[in-house]
Amino acid sequence: MKTFADAVRFLFDNLSLLGSKTVEHLELSFAAISLSLLLAIPLGIWLGHIHRGSLLAINLANVGRALPSLAIIAFGIALLGIGFVPTMIALILVAAPIMLTNAYVAVDGVDRDAVDAARGMGMTAREVLLRVELPLALPLTFAGIRTGAVYVIATATLAAVAGGGGLGEIIFNQASYGTPGVVAGAIAVAALALAAELAFATLQRAVTPKGLRGAVRDQRADGPPPFAELEPSNPGST
Amino acid sequence: MSTPWLTLVGAAGAPVIPDFGGGGGGGPSCARRNGTFCWDWFRDNWSDVFAPALGQHVKLTLIAIAVGFPLSALLALLAHRRRRVETPITIVTGTLFTIPSLALFQLLVPITGLSVLTVEIALVSYTLLILFRNMLAGLRGVPDDVRDAARGMGLTDRQVLWRVEMPLALPAVIAGLRIATVTVISLATVGAFIVDQGLGGPIFRAIQSGVFKTELIAAGLLAIMLALVADGGLVLAQRVLTPWASSGRAR
């Protein structure tokens, strides 16, 4: 227990250090999350819209999940070197698959009757996509974004071994910060991850259209989805 | 109190003298040049470095699942009987799940030390949310008609559970087991920062010795292959155990 008391003292004595490491941590996470979004979401939505590539889109998340994040970072270091950009690329590989799969499953799983009805009302393909499919797919797509984002913020801790900076640097640096510092770093990382999870959960509730609330209540990070890979058309999966 | 068995590049600010391939200049030349992948070095070190690490990794994973599975089953049965406990269990397991592995390991070190126990406690805690949620979803997913029919045939509650609900929940349970297993395999690599066990050991050591590429790639590839093989094995197990589940979804 004494260790924890020392750690809390360390937290308060080193607020500026923790602050700057947190900023580094968030910068790296933000860069990786933004690029993952740009890569994964449009592609997932497009594939879902044309109902093609289900094998790729579904299996991508399964394979992505099976890749140990430390192994991805190890590959990044070996092939791309140490620093911000290699680490960011490794983090993109961590987040993009789950985002793509969720976007695909969300759009692909939109009720065909709703799409037919929209067409019957005279909507063009573009209008069907923008005004029917996307709103209905939003909660599940966002669930994937949330999972991926929280996952990136957690994994960014490991980025310190690859020179990516962030709060992990304190945890890996026993020599400079001592045991209280390491435990304090761990507390900070845990708090940051939980805060990110809460923030994204709130955001997810905010972006969910009123009519769909409740239907997708159970989607949280890691996503999981009961039945994850079994029934791609079941909202609440993946 | 905690003295992890290694320090990392840049971490302590200590200059790192690269020593690729070990043994002060021994070993194959491709390892000393630190090429992308030195097959000779990998073969020379398979039995001393990688095979034991792989074995330890499998053992860490099996223990975590063997402890996490019954624990989650207990929680799921509890929540199945009494709906009220579902939310608290979800919050607690969800919180544990969200804490990054490196942080959770370090938070446990002051309590349980730099030991395998520390690593296993963290690994088990990561399986709980996944297994609990999938088991409960599987049990709840049993159609009421089926349950009524079973009761109508005179089955007791216990028989309904064991002979109807559990078999029908099996696909969901195995889906959860797949996710939990690959998650544990992934996080067990990080556990090597606490105790030198498993495939994370060579990864951390390779970084420490000045980014020795062959060792990084070999250990990383083995971890990935282990995860894919375990996942594939569970898919096969599911096909065998629940033949009815695969026929319906050939889409």
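A word on helix axes before we start: each one is a line fitted to C-alpha atoms over the stretch in contact, and angles run from 0 to 180 degrees between N-to-C directions. Keep in mind, too, that this is a predicted model.

**Stop 1: a helix pair in chain A.** Select helix H3 (residues 54-66) of chain A along with H5(A). At what angle do they pack? About 140 degrees, with the axes 8 Å apart. The crossing of H3(A) over H5(A) is left-handed. Now show side chains. On the H3(A) side, pick out Ser54(A), Ala57(A), Ile58(A), Leu60(A), Ala61(A), Val63(A) and Gly64(A). Facing them from H5(A) are Pro97(A), Ile98(A), Leu100(A), Thr101(A), Tyr104(A) and Asp108(A). Colour this contact by residue type and you get nine nonpolar, three polar and one charged.

**Stop 2: the core.** Next, bring up the largest nonpolar core, which has 145 residues. Those with the most contacts inside it come from both chains: Ile73(A), Ala74(A), Leu91(A), Ala95(A) and Val152(A), plus Phe105(B) and Leu123(B). Which helix gives the most to this core? H5 of chain A (residues 84-108), with 15 residues.

Stop 3: Zoom in on Ile73(A). Setting aside neighbours within four places in sequence, Ile73(A) is in contact with Ala90(A), Leu158(A), Ala159(A), Val161(A) and Ala162(A).

Is H4(A) mostly covered or mostly open? Mostly covered, with 10 of its 12 residues buried. The buried stretch takes in Ser69(A), Leu70(A), Ala71(A), Ile72(A), Ile73(A), Ala74(A), Phe75(A), Gly76(A), Ile77(A) and Ala78(A).

What do those buried residues pack against? Within chain A, show H5 and helix H7 (125-155).

**Stop 4: chain B.** Finally, hide chain A and switch to cartoon. Chain B comes to 10 helices and zero strands. Of its 251 residues, 46% count as buried. Among contacts in chain B with a separation of 6 or more, 71% link residues 24 or more positions apart.

Notes
Residues numbered from 1 in each chain as written. Chains lettered and ligands numbered in written order. Predicted model: local features only at pLDDT ≥ 70, side-chain atom pairs only at ≥ 80, totals over all residues. Core = buried A, V, L, I, M, F, W, Y, C linked by C-beta atoms within 7 Å. Buried ≥ 20, exposed ≤ 12 C-beta atoms within 10 Å, placed from the backbone. Helix = DSSP H or I, 4+ residues; strand = E, 2+ residues; numbered from the N terminus. Contact = placed C-beta atoms within 7 Å. Left-handed = near helix turned anticlockwise from the far one by under 90°. Nonpolar A, V, L, I, M, F, W, Y, C, P; charged D, E, K, R; others polar.
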